[in-house]
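Hello,

Here is the structure for you to look over. My notes on it follow directly below.

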Amino acid sequence: MEQTDLRVPAPATVVRPATPRQRAARAARNGGEPTLDFADRVPYDAYVHASTLHRLQQPLSDDPGEMSFLMVSQIMELYFGLTRHELREAQRCLRADRVRAALAPLRRAALHLEGLNAAWKGLRWMTPADFNRFRNLLGEGSGFQSAMYRHLEFTLGLRDAALIRPFRRQAEVHAELRATLAAPSLWDDVVALLARRGFAVPAEVLGRDVAEEHRPHPAVEAAWVAIYDDEEAADEVATGGGEAAGEGSGAGGPGDELRLLGEALAEVAEQFGDWRWNHVKAVQRTMGAKVGSGGSAGLAWLQRSMARVVFPELWSARTAM
């Protein structure tokens with residue numbers, strides 16, 4: 001099989017800023033037509049590195065369907081990283097008590113997760129017979145081994161130190177995963193924010209070992225019940241006043257911004273839960289209950305993992321309201 005050179009070339013073209021006046025002058029010179037001649041690489045490729053991206057696919061078989069499986073997997077990897085980027089930005093805002101500023105990256109994260117979910121549709125054609133044409137060539141390769149997915153799970157608060165063991169011989173990857181595991185999750189930052197806002201979150205919750213998965217606590221649930229029971233804040237959100245108000249605008253109070261935060265977090269959790277469920281359905285469609293490629297129980301293991309809930313008190317509070 002032809003091997004593709006995966007070395008990333010040094011950029012020969014630097015992306016140069018252009019002002020609106022420069023763009024207008026260029027359009028006038030071109031008579032309204034796009035620029036077609038460039039000294040080096042086209043600026044689009046210099047920025048997006050599209051030519052590099054399209055050299056990163058190396059199917060292991062001659063089966064035409066494998067390219068679909070491989071590229072959808074790569075697209076999902078990019079979405080994992082993008083969603084994690086947004087969640088980390090939301091964490092930075094929350095740690096600085098900039099709740100309204102955290103809403104935008106959380107909403108973007110939910111939209112990215114929506115795109116991630118849509119990626120599963122690109123694999124709905126795959127039957128067990130289709131997958132079996134190249135599955136054996138994957139060896140022990142499995143999505144279970146995605147380091148970026150583990151970063152995303154850890155950031156959302158689903159934590160299990162054992163899951164970084166597959167990477168211990170990849171020193172840099174392993175160190176990065178350990179760092180994510182040792183840092184507070186998004187939910188830890190939310191709980192800390194609630195404490196700073198005056199809610200009675202006990203020290204045992206605030207001072208716990210963040211490397212361990214958060215255990216639901218009645219005090220955190222009670223805080224969310226109080227936030228959602230705030231009728232004035234509820235009216236603000238229902239009429240769009242809180243959402244329309246920008247950071248520092250003075251519109252709305254702390255109650256409405258916490259409620260908006262809760263709804264943004266709920267959308268993230270819901271979309272992530274949908275991705276996990278879509279994963280279960282995809283495995284069921286293509287493999288049934290076979291043992292997973294990475295050595296897990298496959299479908300059964302995924303179904304058990306669904307019991308772990310992202311932002312648990314945000315959901316249990318709805319029962320208590």
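H49 lies in the loop between helix α2 and helix α3 (residues 50–53); helices here are DSSP runs of H or I with at least four residues, strands are runs of E with at least two, and both are numbered from the N terminus. The phi of H49 is positive, near 60°, and H49 is not a glycine. H49 counts as partly exposed, because its relative accessibility is 28% (buried means under 20% relative accessible area, exposed over 50%, partly exposed in between, with a 1.4 Å probe and protein chains only).

Before the rest, the conventions. This is a predicted model, in which local features need pLDDT of at least 70 and side-chain atom pairs count only at pLDDT 80 or more, while totals for chains, interfaces and linings use all residues. Residues are numbered from 1 along each chain as its sequence is written, and side-chain values use heavy atoms, with hydrogens and water left out.

The protein chain has 16 helices and zero strands. It has 321 residues, of which 40% count as buried. Among contacts (heavy atoms within 4.5 Å) with a separation of 6 or more, 75% are between residues 24 or more positions apart.

D45 sits in α2, which covers residues 43–48. D45 counts as buried because its relative accessible area is 11%. Its side chain reaches the backbone nitrogen of A50 at 3.1 Å, a polar contact (a pair of N or O atoms within 3.5 Å; within protein, one must be able to donate a hydrogen and the other to accept it, and residues adjacent in sequence count only if both atoms are side-chain atoms). Leaving aside residues up to four places away in sequence, D45 touches A50 and S51.

Next is α4. At its start, a side-chain oxygen of D63 comes to within 3.0 Å of the backbone nitrogen of G65. After α4 comes D97, in the loop between α4 and α5 (residues 99–119). D97 is not a glycine, yet has a positive phi of about 60°. D97 counts as partly exposed because its relative accessible area is 36%.

Which residues form the contact between α4 and α7? The axes of α4 and α7 (residues 147–156) come within 9 Å and cross at roughly 30°; axes are lines fitted to C-alpha atoms, for helices over the stretch in contact, and angles run from 0 to 180 degrees between N-to-C directions. The two helices are therefore roughly parallel (under 35 degrees; over 145 is roughly antiparallel, 65 to 115 roughly perpendicular, and the rest oblique). The contact involves E77, F80, G81, T83, R84, L87 and Q91 of α4, and M148, Y149, H151, L152, T155 and L156 of α7. Their crossing is left-handed, meaning that the near helix is turned anticlockwise from the far one by less than a right angle; clockwise would be right-handed.

α4 also packs against α9 (residues 186–196), at an angle of about 20° and with the axes 10 Å apart. This pair is therefore roughly parallel, and the crossing is left-handed. L87, Q91, L94 and R95 of α4 meet L186, D189, V190, L193 and R196 of α9.

Regards
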